[in-house]
Structures are given as C-alpha cells and as structure tokens.
Amino acid sequence: MNWVQRINPAWFLAGAAFFLPIKPAPVNLFILLALVFTYLKPESWRLLAGIARRTSTLVLMALVVFLLITFMYGTNDPSLYSDFLSKYGRLLLIPLLIPAFHSAQDRLLVGQAFLASMAITLTLSYMVWLQVDLVAFGVVSDGEYAISSNPTVFKKHITHNFFMAIALYFWLLALGCRVKEGRYCQPKNLVWVIIYAVLVVAAFINLFAMVDGRTGWVVFGVIPLVFGIQRFGLKGLVAGAAATLIILGTAYFTVDNVQQRIDKGIQEVSDFRTGEDQKSSVGERMMLQISGGQAFADAPLLGHGIGGVRNAVAPYASEFGAEPFQNPHNQYLLLLIQGGILGLGLYLAFILLVIRGSYANEWSALHIAPVLLMFVVGNFLNSFHYDFSESIAFILLISALGYSSNHA
C-alpha cells in the first residue's frame, strides 16, 4: 500500500461533519476528497460491489431512478426538475460513502467532529445572546437571526435547533456513559462528567429558552422515548412518552419563549381558520399542507414529477391569495406531490429498511437509530432532503450505519 492509499477517507468526512453546522462550501470539498481517497483503495471497490446488492441500496436506486423518470411528465418545470434532481441525487452518496467508514474509530471521529462544531456553535450562540459582536466569526445579524432574542449562529433557527437536539442526545448519552460506564463507554473521569453535564444543561436551555426553532422542540421529544426504550424495552415507551409530556409541559409553563411561541402558533391556527390572517407563519404552513394535499389528490399514484410541484399547487395556492410554492415544508407531502404513492412508498421502504438495520447491533441501536428517528419526525415539519445541511447529515448517518450494521 502506497502513502496515498494510507490516507484515511474518514479524516475528510470528519472535516465535512465539522463544517456541516457552519457553511456548505467546505463540506462539498471534504466529501469529494473522501470519495477520491476511498476509491484509491481496491478493497473499497470490492466492498461497493456487495453494497450494491443490498436490498436497501436497490430500493434507494429504484427511488432515484423513478424520480429521474418523472422528467417525462408534462407537468415538469425543467429548471425545478434539475434543482430537485441534484438534491435527491445526493442520496446516491450513501452507498458510495459506506466504504469510507473502515472502523468504529472512523465513526467515532466523524461524530466527534460534528459535536465539536456544535459545541462551538453553542458557545457562540450564548455570546450572541449576551450581545457580543461576532462579526469576526462570520456571524452577522439580519434582523431576525443572530440577535439576542433569537441567538442563532451560522444557520437559521430550524436547522440550529434540529442539530442542537441531536447534539443534546449524544451529550446525554456520553454523560450517562461517564457516570455508569458500559460496553461503549470510557472509564469514569470527573472532568468529563462535568464537561458533558455543562453541555447538556447549556444545550437544553439554548434549545428551549433562547432559539425559536419549534421543529427542534418536537424532535427533542424523541429523546425521552428512546431512553425509555433503551432502558426498559417497549414498556419504557409509556414512561418515555410521559417524560416527554412532562418536560414539554414544564417548558411551556416555565419558559416564556416556549409559551409565547406555542400560544402564538395556536392563535395563528385560529386566525387562519377564521380567515383573519392566512399569511402568518403557522397560517402559511397550513396553506402549504392544504394546497399540497389537493395537488396530490390530482395525481395520487405517480405524482406530478419532481419539477412539477409549483405548477401542481398553483391553482390551490391562489385560492388563499398565495404564490405557487415548491416546498411544502413536509418531506412526505413533497414526495407525494412529486412521485405520488409510489414515490413515497419507495422512500418509506428505504427508511424502514435502515431503521431495521440500525437495530442490528448495540452500537448502531444507541448511536444511529435515535438520530434516524429524529429525521423521521422532523420530516413531518420540514423537507430535510431539500435542505443541504440536513440532507448531508442524513447521508453521513446512513453511511456510518451501512458499515456498522454488517461488519461491526
């Protein structure tokens, strides 16, 4: 093996994971380098041949090929088709990146890089909250974000809080490991116990009391459910659900930010239903769901094509006095409009396969399955495969699973 083949592709994936919560350009470069150095190794090609025969890969390929074929639909807007094809085409990176994860250490390295970036993001978010000028870090207020009342840093509040919920889960997992020890845990170390405890408390406060990302609050509800199942099996599901309700209920009654955002949302639903205000944040979401649902009903089996969303929803959005849109902020509804029941069915089949694979061993059940479930929940509120950072996070997650579930 020459010196080029000794370069570990996971180093570049770690770089991509680090920049994922910050900015996209380095992420693309690091993924490209990871692919280059992965396939300079002959064993990667042999592994890829096996990966290509897996059921999950075949279903994923079928989904992308079907979406590609929708170009033939007369309802397609070619420019929107190209835009969506590039976004869904990123899913094909999953089988290609699986060989880059050679060992548990590689998976750990990539995960640690992401968490290091989130720790930096968390620190800077508190600095924004304290009204410290962070222009040197590229953090610039735009009147809605990166302000003390909504202290995001590099991403808008939806992505910020979604990633913060994921980081919070891993920091809770690490804290539990440090306190109790276990198969995948490091020996007890009081310093690290304190560090993880501080990160958990700081992330929880940041998630609920500081940043206005309601998606993150909903996704957080997965965490108590997961811990309940991990500890007590299916019986723990009830305890986890109760814990989720208690935590979210307590946040509502004790945190002004949570109460105000939820009360505002309830009022916006009421205003939308009575026709008083249909252009509020929640009102717009309801318009998107209703218009998108009506568009789906026009072509329920095969959809309107990945570039046909705007044309399909136009007549229904106009009834609300709204402009046609291409993203209903619901990944499942988006796929229904674009590919109908067949498109969504292929996507859900892939998701079910990787969920089953994530429970193949203890490591992936602890580190992959919970985050995958966060994506499953989050996709009801946003189209994560339409958004760059979330879609790449999903790709890295499933790529890490692809190796661990079969070779760990």
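Met72 lies in the loop that joins helix H4 (55-69) to helix H5 (78-89); helices here are DSSP runs of H or I with at least four residues, strands are runs of E with at least two, and both are numbered from the N terminus. The model is a predicted one, in which local features need pLDDT of at least 70 and side-chain atom pairs count only at pLDDT 80 or more, while totals for chains, interfaces and linings use all residues. Residues are numbered from 1 along each chain as its sequence is written, and side-chain values use heavy atoms, with hydrogens and water left out.

Met72 counts as exposed because its relative accessibility is 67% (buried means under 20% relative accessible area, exposed over 50%, and partly exposed in between, with a 1.4 Å probe and protein chains only). Together with Met61, Val65 and Ile69, Met72 forms a nonpolar patch on the surface, with about 380 Å² of accessible area in total. Patches are made of residues with over 30% relative accessible area and no salt bridge, with nonpolar side chains (Val, Leu, Ile, Met, Phe, Trp, Tyr) joined within 5 Å and like charges within 9 Å. A salt bridge is a side-chain nitrogen of Lys or Arg within 4 Å of a carboxyl oxygen of Asp or Glu. Areas come from the Shrake-Rupley method with a 1.4 Å probe, and for residues only the protein chains shown count as cover.

Turning to the aromatic residues, the structure holds 23 aromatic pairs. One of them is formed by Phe18 and Phe19 and is edge-to-face, at 5.3 Å centre to centre and 85 degrees between the planes. Rings of Phe, Tyr and Trp (its six-membered ring) pair if their centres lie within 6.5 Å; planes under 30 degrees apart count as stacked, over 60 as edge-to-face and the rest as tilted. Phe18 counts as partly exposed because its relative accessibility is 25%. Trp192 and Tyr196 form a tilted pair, with 5.5 Å between centres and 35 degrees between the planes. Both lie in helix H9 (residues 190-210), four residues apart, about one turn of the helix. Trp192 is partly exposed at 37% relative accessibility, whereas Tyr196 is buried at 17%. Elsewhere, Phe114, Phe162, Phe163, Phe375, Phe384 and Phe394 form one aromatic cluster.

Charged side chains also meet rings. The charged end of Lys87 sits over the ring of Tyr386, 4.8 Å from its centre, and that of Arg107 sits over the ring of Trp363, 4.1 Å from its centre. The criterion is NZ of Lys or CZ of Arg within 6 Å of the ring centre and within 35 degrees of the ring normal.
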